[in-house]
Amino acid sequence: MQSDTLAIDFGTSNSAAAILSADGVRRIPIECGADTLPTAVFFPFKRTEMKIGSAAAQALINAEDGRYMRALKSVLGTPLTHEERWIGGRKRTISTIITDFLVALRERSEEITGQHFRKALSGRPVHFHTRDEVKDRQAQADLYACYLAAGFDDVSFLAEPEAAALASHGLGGGREIGLIVDIGGGTSDFSVFRSRGAKPEILANHGIRLGGTDFDRAMSLAHAMPLFGFGGQLHRAMGTGLLPVPSEPYIDLATWAKIPFLYTAEMRRMVSEMIRLAVEPQKISRFGTLMEFELGHELAFAVERTKISVNESGKADAIAMGFIEANLSQIVTPQSLATALAGNRILLREAAIKTLEMADVMPDKVGRVILVGGSSLMGFVSDELRQIFPGSEILRSRAFTAVVDGLALATGH
């Protein structure tokens with residue numbers, strides 16, 4: 001008999017659903033036969049129907065008139081979650097958009113399985129917000145409310161690295177102590193566990209607000225944004241001397257979750273004034289073009305593609321920005337990428353060591369380190385973990401489905 005609880009991994013970058021059947025975990029092909037779908041939405045300007053997943057990304061690629069949004073999970077726990085904005089022809093909040101996304105995920109799951117789901121077990125990061133308990137509690141409360149509004153009556157949560165440990169602790173058998181390192185789009189989560197029998201014993205959980213979207217932002221600020229005026233200078237409107245170009249618009253432009261909220265009349269006026277006062281007006285004019293034609297997500301995708309290319313090939317590649325200005329590009333080398341991500345690497349190291357301290361486990365007692373989450377595929381992640389755990393086996397689980405597999409297994413315990 002199949003479980004009546006739908007396991008949901010609602011991720012910053014990708015989402016998945018699964019159930020536990022008599023034959024084991026059954027992932028639900030919620031998009032074109034795939035086990036995962038991008039956590040992205042698109043609202044066409046001329047009608048109110050929302051596109052999700054790959055259809056949302058394709059609408060952006062096809063240059064359809066509308067508003068694309070990604071990294072919705074990153075906003076949970078902040079006032080922006082409930083702030084109304086005109087999106088897709090009517091006023092909406094991030095909360096209602098997440099709710100609509102979860103409705104679509106539930107309805108697709110019901111259509112494929114023939115079941116009626118009113119119970120959900122959702123993954124959650126160990127901390128939505130690092131070092132902010134109030135925001136952290138609010139983020140789960142926000143997500144819980146979205147699940148209820150999406151038609152679920154009974155909703156519970158399980159820390160994502162614990163779920164990954166359930167699905168992956170059998171890897172590298174024979175080594176008792178292990179560490180799950182789950183790096184997703186928005187958070188990095190860690191679980192130290194002890195394998196004894198069929199179920200892992202969790203010794204400690206820890207997490208920080210650091211993920212693939214942060215890697216994208218660091219790379220964008222280091223390589224792309226200087227071409228748009230970031231780090232430049234402005235003449236004073238009155239008097240002599242120079243002022244720095246405000247950094248906040250560029251940081252927002254490099255942050256997936258904040259891109260849709262940049263396109264305001266106030267921002268366009270600010271950019272016009274910056275162009276007038278700029279020491280290098282051509283660069284800020286590019287920023288103006290980007291604002292005028294709302295090309296922020298196209299730029300973010302270009303940065304992300306280059307990040308993946310350089311990481312996978314170990315060779316230099318260029319961020320192609322010809323959609324903003326003919327022949328505009330910026331070379332990214334493995335060395336310059338490593339420099340841009342150096343701060344993130346330090347944070348990752350500190351969090352891994354903190355997790356060991358919480359578990360009262362020394363690094364040499366960890367027999368295996370299991371990597372899950374799409375952003376764990378970044379080379380610096382495994383390089384850093386090999387330095388911390390030189391005697392451990394570094395293993396890769398199913399990067400995009402280990403969490404949802406574990407959630408489904410947990411519905412049977």
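This is a predicted model: local features need pLDDT of at least 70, side-chain atom pairs count only at pLDDT 80 or more; totals for chains, interfaces and linings use all residues.
Student: Why is Asp182 called buried?

Tutor: Its relative accessibility is 6%, and the cut-off is under 20%, so Asp182 counts as buried. It sits in strand S12, residues 177-183.

Student: Which residues is Asp182 in contact with, leaving aside its neighbours within four places in sequence?

Tutor: Glu160, Pro161, Thr187, Ser188, Asp189, Val372, Gly373 and Val403. Val403 is one of the buried residues of H13.

Student: What makes S14 and S20 edge strands?

Tutor: Start with the order. Five strands form an open sheet, S14-S13-S12-S19-S20, with mixed pairing. S14 (199-208) and S20 (393-396) each have a single partner strand, so one side of each has no neighbour in the sheet. On average, neighbouring strands here are turned by 20° against each other, direction ignored.

Student: How do you know that S19 and S20 pair?

Tutor: Pairing takes at least two bridges, and S19 (368-372) and S20 have four, in the parallel sense. Val369 stands opposite Ile394 in S20.

Student: Which helices lie across S12, S13 and S14?

Tutor: H4 (160-168) lies across S12, S13, S14 and S19, at about 145° to S14. H11 (342-359) lies across S12, S13 and S14, at about 135° to S14.

Student: Why is Ser375 called buried?

Tutor: Its relative accessible area is 10%. That is set against a limit of under 20%, so Ser375 is buried. Ser375 lies in the loop between S19 and helix H12 (379-388). Not counting residues up to four places away in sequence, Ser375 touches Ile183, Gly184, Gly185, Gly211, Gly212, Phe215 and Val381.

Student: Gly212 and Phe215 belong to H5. Why is H5 called roughly perpendicular to H9?

Tutor: The axes of H5 (212-224) and H9 (296-313) cross at roughly 100° and come within 9 Å. Angles of 65 to 115 degrees count as roughly perpendicular, so H5 is roughly perpendicular to H9.

Student: Which residues meet there, and what kinds are they?

Tutor: From H5 you have Gly212, Phe215, Asp216, Met219, Ser220 and Ala224, and from H9 there are Leu299, Val303, Glu304, Thr306 and Lys307. These residues divide into five nonpolar, three polar and three charged.

Student: Which residues have the most contacts inside the largest nonpolar core?

Tutor: Tyr147 and Phe228, in a core of 110 residues. Helix H2 (94-113) gives the most to this core, with eight residues. A second, separate core has 20 residues, among them Ala16, Ala18, Phe193 and Ala408.

Student: What does Phe228 touch, not counting residues up to four places away in sequence?

Tutor: Tyr250, Lys283, Ile284, Arg286, Phe287, Leu290, Leu299, Met321, Ile324 and Leu328.

Student: What makes S6 and S7 the edges of their sheet?

Tutor: That open sheet has three strands in the order S6-S5-S7, with antiparallel pairing. S6 (51-52) and S7 (66-70) each have a single partner strand, so one side of each is left without a neighbour. Five bridges join S5 (40-44) to S7, and Phe42 stands opposite Tyr68 in S7. H2 lies across S5, S6 and S7, at about 105° to S5.

Student: How do you know that S1 is largely enclosed?

Tutor: Six of the six residues of S1 (5-10) are buried, so the rest of the structure largely encloses this strand. Side chains in a regular strand alternate between the two faces of the sheet. In S1, Thr5, Ala7 and Asp9 are buried on one side, and Leu6, Ile8 and Phe10 on the other.

Student: Which strands pair with S1, and in what sense?

Tutor: S10 (119-124) pairs with S1 in the parallel sense over four bridges, and Leu6 stands opposite Ala120. S2 (14-21) runs antiparallel to S1, also joined by four bridges, with Phe10 opposite Ser15. A hairpin joins S1 to S2 through three residues.

Terms used: Residues are numbered from 1 along each chain as its sequence is written. Side-chain values use heavy atoms; hydrogens and water are left out. Helices (H or I, at least four residues) and strands (E, at least two) are DSSP runs, numbered from the N terminus. Buried means under 20% relative accessible area, exposed over 50%, partly exposed in between (1.4 Å probe, protein chains only). Contact means heavy atoms within 4.5 Å. Axes are lines fitted to C-alpha atoms, for helices over the stretch in contact, and angles run from 0 to 180 degrees between N-to-C directions. A nonpolar core is a set of buried Ala, Val, Leu, Ile, Met, Phe, Trp, Tyr and Cys residues joined through side-chain atoms within 4.5 Å. Angles under 35 degrees count as roughly parallel, over 145 as roughly antiparallel, 65 to 115 as roughly perpendicular and the rest as oblique. Ala, Val, Leu, Ile, Met, Phe, Trp, Tyr, Cys and Pro count as nonpolar, Asp, Glu, Lys and Arg as charged, and the others, Gly among them, as polar.
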